[in-house]
Amino acid sequence: MALLEVENLKAHFFGRRGVTKAVDGVSFTVEKGEIVGIVGESGSGKSVTSLSVLRLVDAPGKIVDGAIRFEGRDLLAMSREEMRQLRGRRISMIFQEPGTSMNPVRKVGFQIAEAIRSHERVRHPVSTRWVHQRQVVCVWGSVMARGGG
Ligand SMILES: Nc1ncnc2c1ncn2[C@@H]1O[C@H](COP(=O)(O)OP(=O)(O)OP(=O)(O)O)[C@@H](O)[C@H]1O
Ligand SMILES: [Mg+2]
């Protein structure tokens, strides 16, 4: 089973002057341990695809079709509380302006470890090495998700 499956995803924005089909039938999978990059010109829907995976597309935008499965579970059918449990712990997003979300004087691995530390009660210290070995399994575009753990 793929870690993440996105199937025929459609996320549209309903504006006064019509509908913007920001994401219109995107499909991809990410296996555990795999790194997937999504490439496209500005405005082609990379960020909206990532936001959809976290179910963070807000009005006037809406996911209108498709399926998003994380470890086989349908994210689009989850309650807000179930989604909240996943966000930051199992799936997180590094937002587009890295200067505002990342500290340029710290290594990225340290900062990912820090995020896990702040979301989970782990009994042992979360080292960067531990993150590399066990936790971080995929990064795509500006989103990273992790499996195992
Ligand atoms: N809140 C919003 N309201 C209306 N339209 C939006 C909104 N957010 C995004 N869009 C539209 O969705 C489309 C996809 O935008 P998106 O931000 O996903 O592009 P992107 O590929 O991430 O671009 P970039 O490389 O510049 O980051 C664009 O046409 C954009 O105008
Ligand atoms: Mg973007």
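The model is predicted, and local features need pLDDT of at least 70, side-chain atom pairs count only at pLDDT 80 or more, and totals for chains, interfaces and linings use all residues. Residues are numbered from 1 along each chain as its sequence is written, while chains are lettered from A and ligands numbered from 1 in the order in which they are written.

**Overall fold**

Let's start with the chain as a whole. The protein chain has 5 helices and 7 strands, where helices (H or I, at least four residues) and strands (E, at least two) are DSSP runs numbered from the N terminus. Along the sequence they follow the pattern β-β-α-β-β-α-β-α-α-α-β-β. Of its 149 residues, 23% count as buried; a residue is buried if 20 or more other C-beta atoms, placed from the backbone, lie within 10 Å of its own. Among contacts between residues at least 6 apart in sequence, 55% join residues at least 24 apart, a contact being two C-beta atoms, placed from the backbone, within 7 Å.

**The sheet**

An open sheet of 4 strands runs in the order β2-β1-β3-β4 with antiparallel pairing. β2 and β4 (73-74) stand at the edges, each with a single partner strand, so one side of each is left without a neighbour in the sheet. Two strands pair if DSSP finds at least two bridges between them. β1 and β2 form a hairpin with 2 residues between them. Here are two of the pairings, each with one bridge as an example:

| Strand pair | Sense and bridges | Example bridge |
|---|---|---|
| β1 and β2 | antiparallel, 9 bridges | F14 with V19 in β2 |
| β1 and β3 (61-70) | antiparallel, 8 bridges | K10 with D65 in β3 |

Now to α1: 8 of its 8 residues are buried, so the helix is largely enclosed by the rest of the structure. Those buried residues are K46, S47, V48, T49, S50, L51, S52 and V53. Just after α1, R55 takes a positive phi of about 55°.

α1 gives the most to the shell around ligand 1, with 3 residues, and β1 (4-15), β2 (18-30) and α1 (46-53) each supply at least two. Which of the 15 residues around ligand 1 come nearest? They are A22, S42, K46, S47 and V48, with a residue counted as near if its C-beta atom, placed from the backbone, lies within 6 Å of the molecule. The shell divides into 4 nonpolar, 10 polar and 1 charged residues; Ala, Val, Leu, Ile, Met, Phe, Trp, Tyr, Cys and Pro count as nonpolar, Asp, Glu, Lys and Arg as charged, and the others, Gly among them, as polar.

Methods: A residue is buried if 20 or more other C-beta atoms lie within 10 Å of its own, exposed if 12 or fewer, and partly exposed in between; C-beta atoms are placed from the backbone.
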